[in-house]
Amino acid sequence: MMNTLLKLNDVHTHIGQYHILQGVNFEAIEGQVSVLLGRNGAGKTTTLKTIMGLTPASKGEVEFRAQSIRKNPTYKVAKLGIGYVPENQGIFADLTVEENMKVAMRKEDTSALERQNYVLELFPDLKKFWKKAGGHLSGGQKQMLSMARAFINDSKLILIDEPSKGLAPIVVEKVMEAIVEMKKQTSIVLVEQNFIMASRIGDTYTLIDDGRTVHTGKMEDLVHNEELKRKYLGIG
Amino acid sequence: MKITLQQISFFLILASLVILPFVNDSRTLIILLTQIFIFGILAMSYDILLGYTGIVSFGHAMFFGIGAYTTAVMLKQMDATLTMFLLSIVTGMFFAGMISFLVGLLTLRLKSHFFAMLTLAFSGLFLVVAEKWRSVTYGNDGFTFRAPDIFKERITFYFFVLACLAVIFIALYRFVNSPTGRILIAVRENEQRTKSLGFNTLHYKVIASVVAGIVASLAGSLYSLSLRFVNTSVLTMDITLDALLMTIIGGVGTLVGPLLGAGVIEYAQHALSGLARDYPIFERWIIFFGILYILAVLFFPKGIIGSLRMLFWKWRSRRKGNKKSPAALPHKKERFE
Amino acid sequence: MELMVNLMINGLATGMLIFLLAAGLTLIFGLMDVLNFAHGGLFVWGAYAGIFTYMYTESFLIGILGAIGTGALLGLITEKLIITPVYGNHIQQILITLGLMLVLQEMIKVVFGPNGVPVKTPSYLAGSWEIGDVIIIKYRLFIIVVGFVIFGIFQYMLKRTKIGLIVRAGVQDKDMAQALGIHIKQVFLYVFMVGAALAALSGMLMAPYSGVIYAEMGMEYAILGFIVVVIGGMGSFSGSLLAAILVGLAGSFMAYYVPVLSLAVNMILMAIVLIFRPQGLFTMRKERST
């Protein structure tokens with residue numbers, strides 16, 4: 001029996017006067033990589049922000065481990081164990097790599113330090129630039145730092161928004177490997193435009209179009225469904 | 001031509017204000033009303049900025065002061081005739097227009113905080129100049145001057161100010177309902193979007209600031225003539241605060257609201273300073289206004305007129321059963337920045 | 001030479017007081033995106049509460065503590081009642097904090113009387129030292145020392161402690177800080193209280209320096225504070241120290257050499273900075289004109 005970690009049920013979100021999400025249904029299963037797919041502007045990023053409480057849902061239900069988190073402020077969502085890696089990585093530019101890690105670490109106990117060692121092995125670059133300001137890192141390094149930061153607090157679930165965006169193919173490869181590696185310890189929700197990457201590491205997919213969930217299923221089924229891919233992703 | 005309800009009420013109110021001095025020629029009342037009209041003009045000019053364009057200026061006293069000093073200096077140094085007075089009004093407006101144009105061009109690009117702060121500093125600068133340039137302004141002590149003979153009679157001045165008020169009201173009303181005025185409202189509602197529609201928003205904000213500056217200068221000219229005296233107090237923060245208070249309490253973005261606000265505030269000041277003779281706490285009447293103002297910003301941001309308008313719309317839509325909401329209500333939250 | 005040293009000490013002392021005032025402004029702005037036009041009110045309340053405590057207890061130190069306590073308390077009330085409800089709406093923030101400034105200033109007159117209150121320097125800080133030709137007024141030196149000590153403490157806190165890290169992170173990206181589990185509104189409140197306490201301390205220390213306290217001093221010094229924050233760069237702590245010293249020195253030298261310009265020079269400086277380098281002289285951070 002697979003455990004549902006996160007569940008979105010008919011979620012609607014307004015930003016200002018715009019009705020961005022108009023009925024998103026989504027589930028993330030424990031120990032898996034759940035991928036959100038869809039065209040630009042379909043509402044994938046907003047879905048992640050809604051989960052985090054950054055753009056709270058105006059209607060519908062968001063449940064994390066069978067507990068409603070829809071009305072929780074962002075910091076409480078984070079404390080429940082959801083890590084967030086935003087599209088722009090959200091690195092504090094004036095803080096060093098070390099400080100970026102430290103500010104994320106809610107408890108500086110042995111397990112946190114163990115996890116820190118673990119991610120530093122995963123991303124040796126971070127160790128190398130430990131004292132360098134976040135703003136001076138390359139795009140790939142920022143991505144790694146952001147992922148490491150989300151991982152450090154024993155997160156049960158990490159939301160990653162378009163990790164491959166703007167990165168060189170070889171760096172994308174590294175990031176993907178890291179996600180696969182992290183999957184051993186946590187669950188992941190991934191927003192990804194790069195379908196080849198997404199299909200390689202994703203377990204399940206949810207297709208969003210115009211702010212609505214239009215399709216959901218196992219990743220291997222989508223890979224062979226040319227019609228869906230053409231209709232919603234413009235590929236195939 | 002169709003005559004609207006607004007036009008009828010405008011003429012009715014105007015007519016009763018014209019008749020009033022013949023019914024009750026109490027000197028205090030005439031002076032109080034003159035004062036209300038002058039500050040009404042100032043408050044309306046402020047409304048162009050705050051209510052219609054969504055700009056907070058803390059330097060509006062600067063333009064009021066320019067008008068006040070131009071009139072005072074010209075009447076004192078040259079000749080106390082009506083022509084000179086009218087000329088001084090025009091000169092004051094010209095200076096105010098020039099300065100608001102230059103200041104606006106330089107500062108209106110900045111975000112609201114910085115603009116507010118910079119206008120505060122600029123008007124502070126004017127205050128300093130007025131205090132130091134003693135040969136002309138007599139500094140903080142100020143100076144008295146003679147009014148043109150025709151205004152020796154309070155009543156004539158009352159009518160003159162009333163006429164100015166009516167003209168300015170109509171002019172500003174037309175201005176805010178003109179295409180330019182519509183764009184100003186768009187800037188207030190969402191500057192970013194107005195910009196992306198292809199409007200040069202800086203250009204429109206400068207227009208608003210020049211119009212507001214010119215009208216404020218007129219109010220200043222009338223003010224110093226009403227006192228036949230001027231000193232640096234016309235350039236202080238208090239003047240700007242008065243305008244702010246009147247606009248907010250009356251109702252931003254309504255033009256009529258600030259007029260009403262001017263009436264309320266001026267009358268309350270008058271009444272409270274009367275009370276202060278018996279109860280010293282009322283000497284600090286400004287506290288009551290301050291608290292009132294804070295409460296207004298928090299709970300009553302549409303002011304008297306704005307709130308009444310809301311009620312009216314609700315009532316009408318309930319009666320008609322349609323759900324159309326009032327268009328473009330002021331003080332929408334800034335969301336996109 | 002003697003003159004130069006004296007003008008310098010004067011300028012530095014004034015600069016330090018303005019720095020204490022501006023430090024709170026800049027932190028609050030950087031973190032909360034709120035320009036607190038009531039900051040001068042907190043300054044003048046610090047001065048009055050501190051000086052009256054000092055006169056009552058006859059201890060300058062307790063007076064200082066009284067000022068700091070008053071500032072923090074007023075900060076708490078202000079943040080909860082005035083700032084939180086209008087969070088995110090710039091126009092309302094500007095309007096409401098200015099209103100609060102007005103109320104705070106007038107309340108001074110109600111509580112402590114409308115007239116200025118003369119203030120004496122505590123005996124152990126009064127007088128001066130003579131070193132050769134140079135006369136150093138003790139109290140001015142005291143202010144300079146206090147200013148640097150406080151700068152040092154804050155710099156240490158910001159750079160070396162977790163709280164400082166959180167504040168710096170919040171200044172840069174509030175949303176991300178929250179997404180990492182930081183309760184940013186709580187941080188706002190504390191920073192606001194600390195900023196208010198600094199303003200109050202500044203007012204208290206200013207009192208013996210100027211020799212008299214009066215209700216309007218709040219607005220006068222707040223304007224200097226704004227100028228410093230603009231020149232130093234909004235949200236930059238060390239930038240505001242440099243800018244405060246610059247403004248202090250400029251004021252002190254101008255007052256001696258070109259007295260007519262002394263009041264205007266800072267405003268002109270600020271106008272120039274805002275127009276040509278709106279991110280501040282001492283920062284290289286993000287754009288802030290629209």
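Biologist: At what angle do helix H11 and helix H13 of chain B pack?

Modeller: This is a predicted model. In it, H11 (residues 237-250) and H13 (residues 285-299) of chain B pack at about 45°. Their axes are 10 Å apart.

Biologist: How do I put that angle into a word, parallel, perpendicular or oblique?

Modeller: Angles under 35 degrees count as roughly parallel, and 65 to 115 as roughly perpendicular. H11(B) and H13(B) are therefore oblique to each other.

Biologist: Is the crossing of H11(B) and H13(B) left-handed or right-handed?

Modeller: Left-handed.

Biologist: Which residues meet there?

Modeller: H11(B) brings B:Leu245, B:Ile248 and B:Ile249. From H13(B) come B:Phe289, B:Leu292, B:Tyr293, B:Ala296 and B:Val297. In this contact of H11(B) with H13(B), eight residues are nonpolar, none is polar and none is charged.

Biologist: Where is A:Gln89 in chain A?

Modeller: A:Gln89 lies in the loop between strand S6 (82-85) and helix H3 (97-104).

Biologist: And where is A:Asp154 found?

Modeller: A:Asp154 is in the loop between helix H6 (139-151) and strand S7 (157-161) of chain A.

Biologist: Is A:Gln89 buried or exposed?

Modeller: Count the other C-beta atoms within 10 Å; 20 or more means buried. A:Gln89 has 21, so A:Gln89 is buried.

Biologist: What does A:Asp154 count as?

Modeller: A:Asp154 has 16 C-beta neighbours inside 10 Å, so this residue counts as partly exposed.

Terms used
Residues numbered from 1 in each chain as written. Chains lettered and ligands numbered in written order. Predicted model: local features only at pLDDT ≥ 70, side-chain atom pairs only at ≥ 80, totals over all residues. Axes fitted to C-alpha atoms, helices over the stretch in contact; angles between N-to-C directions. Helix = DSSP H or I, 4+ residues; strand = E, 2+ residues; numbered from the N terminus. Parallel < 35°, antiparallel > 145°, perpendicular 65-115°, else oblique. Left-handed = near helix turned anticlockwise from the far one by under 90°. Contact = placed C-beta atoms within 7 Å. Nonpolar A, V, L, I, M, F, W, Y, C, P; charged D, E, K, R; others polar. Buried ≥ 20, exposed ≤ 12 C-beta atoms within 10 Å, placed from the backbone.
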